[in-house]
Amino acid sequence: MNQQIVIAVVGSGYVGLVSAACFAEMGHRVICVDNDEEKVRLLNEGGVPIHEEYLPEILSRHRGGSIEFTTELHRATSQAQVIFIAVGTPQSDTGDADLSYVDAVASEIARSIDSYKVIVEKSTVPVYTNEWITRILERNGTQKDTFDVVSNPEFLREGTGVTDFLHPNRIVIGVESERAARVMRQIYGPLTSGAYYNLPHAVPGSRSANNPPPLLKMSTKAAELTKHATNAFLAMKISFINAVANICDAAGVNVEEVAEGVGMDERIGPKFLRAGIGYGGSCFPKDVAAFRWVAEQLGQQFDLLAEVEKINSQQKKLFFRKIRSALWTLRGKNIAVLGLAFKGGTDDIRESPAIDIVNMLLKEGCCVTLYDPAAMERTKTVIPPGPQVRYASDMYEMAQDAHAVLILSDWQEFAAIDLDRLRNALRHPIVIDGRNLFDPELMLEKGFTYFSVGRPYPTTSVKALKTL
Ligand code: UGA
């Protein structure tokens, strides 16, 4: 029988809110805390501040029952047996993670410890953070035997966060005491025992009662490093395939054929080998920089990561060169832009390569018409509508009379666009695809001039363009 635990989750961003909702879904009682009063009010009134598949359903199932939202950090941490810290760890000017929120929460937790509690780092943090949290608690008068600090990094992706959380590849827990390990095993028991997957309302995914996820126990420092190393490796895979894509472009080879051939090697694997305009989001850019900083602090040069970052930022510039070579001059051109989020399936525009490319277009004097299924409201706060900037209500309105359309996020619904309608709406049938969503042969058949990343255009026209 799985035991219900009272959990406080501090911070209700993507990781905090998804974790809180999923813990409630797994049968625990959850108090989710955020200092943003507006967000807490919205959550209490039934709203969902982020775009995540299954999140609205799960929240409505448990709101008013096993999950509550509050701004009262002290009350939440006093009532909870386990406190997850899921506050932001933004990048500071020097590249390292700014841990001031973690510090502030740890000091507050110290004031509410009156019985044994487990404090869990869920935010991505540098190695040794658990030791700092321990030190802060002790400095604030907390007795050593009344708490344990655990590292339980999260590997969820935005957009598919709920599925990733409930159907994980692995659950990593970094612990130094058997007492804390027991509590963590109880929390994840519904997943590791497989019991959750038998529930009638279970969110579907790759795990099942017969194939539950493994729980990997290690030291806290190893868990902290596992998170940074995982994100850095995934970012490296993307930069690697992007560098290969640029060679493919020059050699007239399709990078997808190469990626398939390479990815079938079990030692490499097929995922995260999609070439494009580079990685963005609130994790990879920040975590690669933070990991490099951590290495430096420990006296190690991790120059490979500097190269990963360099390739990533070059990728946007190379794509911009493609736009220029397709359109020749840019000033005064109307460019339709499909996709603003840092990837499909999310409304998040943090470090989005799409936003950088739109800003480059505006700087060159283009007029842009923007469309994204979920990220337009957020984009309006950084690129407000004006004489150069219009927002469209659908993909076809966006394309109306444009000199070209750019594809900058990989939303599934973009791949399902009616190509005939798109071609008829455009002034010139030019598509410059930064996410390789379409088959170049099909685009040719449909009458488009089509450019993508690392895939040759199947006519001689591209050769002509290359000589320009
Ligand atoms: C990433 C990791 O995938 C998660 O495992 C991790 O938990 C999370 O960071 C985090 O640290 O919180 P996320 O940032 O949501 O998740 O997005 P990803 O799906 O990993 O995509 C990151 C970027 O890489 C996007 O811009 C995406 O378009 C790009 N990408 C991804 C590629 O360009 N090519 C690929 O093959 C895959």
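Arg182 counts as partly exposed because its relative accessibility is 48%; on this scale buried means under 20% relative accessible area, exposed over 50%, and partly exposed in between (1.4 Å probe, protein chains only). Arg182 belongs to helix α8 (residues 178–192).

A word on the model before going on. This is a predicted model, in which local features need pLDDT of at least 70, side-chain atom pairs count only at pLDDT 80 or more, and totals for chains, interfaces and linings use all residues. Residues are numbered from 1 along each chain as its sequence is written, and side-chain values use heavy atoms, with hydrogens and water left out. Helices (H or I, at least four residues) and strands (E, at least two) are DSSP runs, numbered from the N terminus.

**Helix α3**

Let us turn to a helix and its cover. In α3 (residues 55–62), the buried residues are Leu55, Ile58, Leu59 and His62. Seen down the axis of α3, they fall within an arc of 95°, so they line one face of the helix; the arc is that of the directions from the helix axis to the C-beta atoms. Their cover includes α1 (14–25), α2 (37–44), β3 (67–70) and α7 (161–166). After α3 comes Gly64, with a positive phi near 80°.

**Around the ligand**

Which residues come nearest to the ligand? Of the 19 residues around the ligand, they are Leu156, Glu158, Lys227, Asn231 and Arg435; a residue counts here if one of its heavy atoms lies within 4 Å. The shell divides into nine nonpolar, two polar and eight charged residues. In this grouping Ala, Val, Leu, Ile, Met, Phe, Trp, Tyr, Cys and Pro are nonpolar, Asp, Glu, Lys and Arg are charged, and the others, Gly among them, are polar.

| Residue | Distance from a backbone N or O atom to a ligand oxygen atom |
|---|---|
| Glu154 | 3.3 Å |
| Phe155 | 2.8 Å |
| Glu158 | 2.7 Å |

The protein covers 95% of the 710 Å² of accessible area that the ligand has on its own, by the Shrake-Rupley method with a 1.4 Å probe.

Asp164 sits in helix α7 and counts as buried at 14% relative accessibility. Leaving out residues up to four places away in sequence, Asp164 touches Phe155, Leu156 and Arg157, where contact means heavy atoms within 4.5 Å.

Thr77, in helix α4 (residues 73–79), is buried at 0% relative accessibility. A polar atom of the Thr77 side chain lies 3.2 Å from the backbone oxygen of His74. Beyond neighbours within four places in sequence, Thr77 contacts Ile83, Ile109, Ser112 and Lys117.

Ile407 lies in strand β12 (residues 404–407) and is buried, with a relative accessible area of 1%. Its contacts, again leaving aside neighbours within four places in sequence, include Leu338, Phe414, Val431 and Arg435. Ile407 and Leu340 are 67 residues apart in sequence, and their C-alpha atoms are 9.1 Å apart in space.

Technical notes: A polar contact is a pair of N or O atoms within 3.5 Å; within protein, one must be able to donate a hydrogen and the other to accept it, and residues adjacent in sequence count only if both atoms are side-chain atoms.
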